[in-house]
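I opened this entry to record what I looked up in the structure shown here.

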Amino acid sequence: MKLIHLIEQLPKSELHLHIEGTLEPELMWALAEKHKVSLPYESVEAIKEAYQFDSLQSFLDLYYQGADVLRDEDDFYQLMRQYLQHCKADNIVHTEIMFDPQTHTARGVGFDIFMPGFQRAIEEARREWGISVYLIMSFLRHLSEPEAIETLNQARAYYPLITAVGLDSSEKGNPPEKFIKVFAAARALGFKCVAHAGEEGPADYIWQALDLLKIDRLDHGVRASDDQALMARLRDENMALTVCPQSNIKLCVFDNMQHHNILQLLEDGLCVTVNSDDPSYFGGYLNDNYRALMTHLGMDESALVQLVKNSFMGSFLPAEEKNKWL
Ligand code: ES4
Ligand code: ZN
């Protein structure tokens with residue numbers, strides 16, 4: 001089979017996806033009209049044209065602004081439903097989705113609004129398409145640790161729906177060590193732990209995420225290649241990395257796809273996976289990311305198969321579920 005068809009037809013798992021980053025300009029526009037929210041854009045086209053970023057922060061500014069149109073339960077249902085439709089189209093059979101409660105609670109939109117909306121769409125996708133979904137509650141690292149702890153407490157009624165906690169937003173200047181206590185508390189409650197580290201920030205932040213937050217999986221982590229001792233540690237622990245190729249290009253982590261290190265990390269023996277991060281903002285869902293590796297990095301069939309296997313091995317599925325896909 002041609003590689004492009006294999007990309008499309010292999011059952012895949014996605015491990016790094018921010019639900020707020022799947023808000024398409026068309027839905028943003030429709031929800032702004034519905035809620036009479038004024039957007040600083042004249043048209044859907046103008047929204048798309050604004051998506052030119054020179055750093056993580058320049059993206060985050062638009063991402064938080066966009067999320068402001070999400071107001072009621074049905075908005076969160078529609079958001080989740082649209083992403084899960086893309087999963088079906090891309091043959092994603094399992095997905096572990098991050099959500100940022102603080103992006104919503106800060107605007108007076110609470111857990112009792114977004115969680116039931118997410119839950120309704122997730123149950124439909126499970127029933128209609130057999131897609132399995134885990135949720136990862138992510139703390140915003142530009143805010144304080146006490147605010148993260150407050151968020152963990154606010155989530156209490158929804159713990160059964162949440163598999164893991166994560167750490168995202170502005171990396172530089174907000175090291176993992178700022179969040180030791182909240183990660184320890186989450187771990188004691190039985191949550192898995194992930195954190196963004198080594199996206200824009202240095203390899204030292206990856207060490208901190210491993211040693212201080214005791215993460216079970218590393219989001220991004222591409223800067224690990226700066227530090228050979230760290231590479232050995234990640235290899236020895238078989239730590240999964242959720243790499244997001246198109247995100248990294250859009251946010252100038254690498255200057256172009258030909259210079260991305262993902263296949264080198266794979267060759268170096270790391271458990272690398274492919275993910276879309278914020279597909280609406282970065283111009284591609286999961287299969288687009290795989291296609292980019294084929295087109296610009298010469299990914300061959302054996303690399304593709306390994307990346308797809310890793311997407312299940314690095315998941316939080318129980319062993320017997322994982323093994324079905326390996
Ligand atoms: C994010 Cl690409 C990225 N990095 C850090 N935090 C984020 N939140 C949403 N996308
Ligand atoms: Zn991310």
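For the secondary-structure names I take helices (H or I, at least four residues) and strands (E, at least two) as DSSP runs, numbered from the N terminus. I note that the model is predicted.

Entry on Asp278. I first placed Asp278 in the loop between β8 (271-274) and α14 (279-282). I then checked the UniProt record, an unreviewed entry, which lists Asp278 under "binding site". Is Asp278 buried or exposed? I record Asp278 as buried, because it has 26 C-beta neighbours inside 10 Å, and the cut-off for buried is 20 or more. Leaving out residues up to four places away in sequence, I found Asp278 in contact with His18, Gly21, Tyr63 and Ser247.

Entry on the strands. With which strands does β2 pair? I found β2 paired in the parallel sense with strand β1 (residues 12-18) over 5 bridges. In this pairing, Glu14 stands opposite Thr95 in β2. I also found 6 bridges from β2 to strand β3 (residues 132-140), and these two strands run parallel. Here I noted Ile97 opposite Leu135 in β3.

Terms used:
Residues are numbered from 1 along each chain as its sequence is written. Chains are lettered from A and ligands numbered from 1 in the order in which they are written. This is a predicted model: local features need pLDDT of at least 70, side-chain atom pairs count only at pLDDT 80 or more; totals for chains, interfaces and linings use all residues. Two strands pair if DSSP finds at least two bridges between them. UniProt positions are given in the numbering used here, feature names are shortened, and annotations may be inferred rather than shown by experiment. A residue is buried if 20 or more other C-beta atoms lie within 10 Å of its own, exposed if 12 or fewer, and partly exposed in between; C-beta atoms are placed from the backbone. Two residues are in contact if their C-beta atoms, placed from the backbone, lie within 7 Å.
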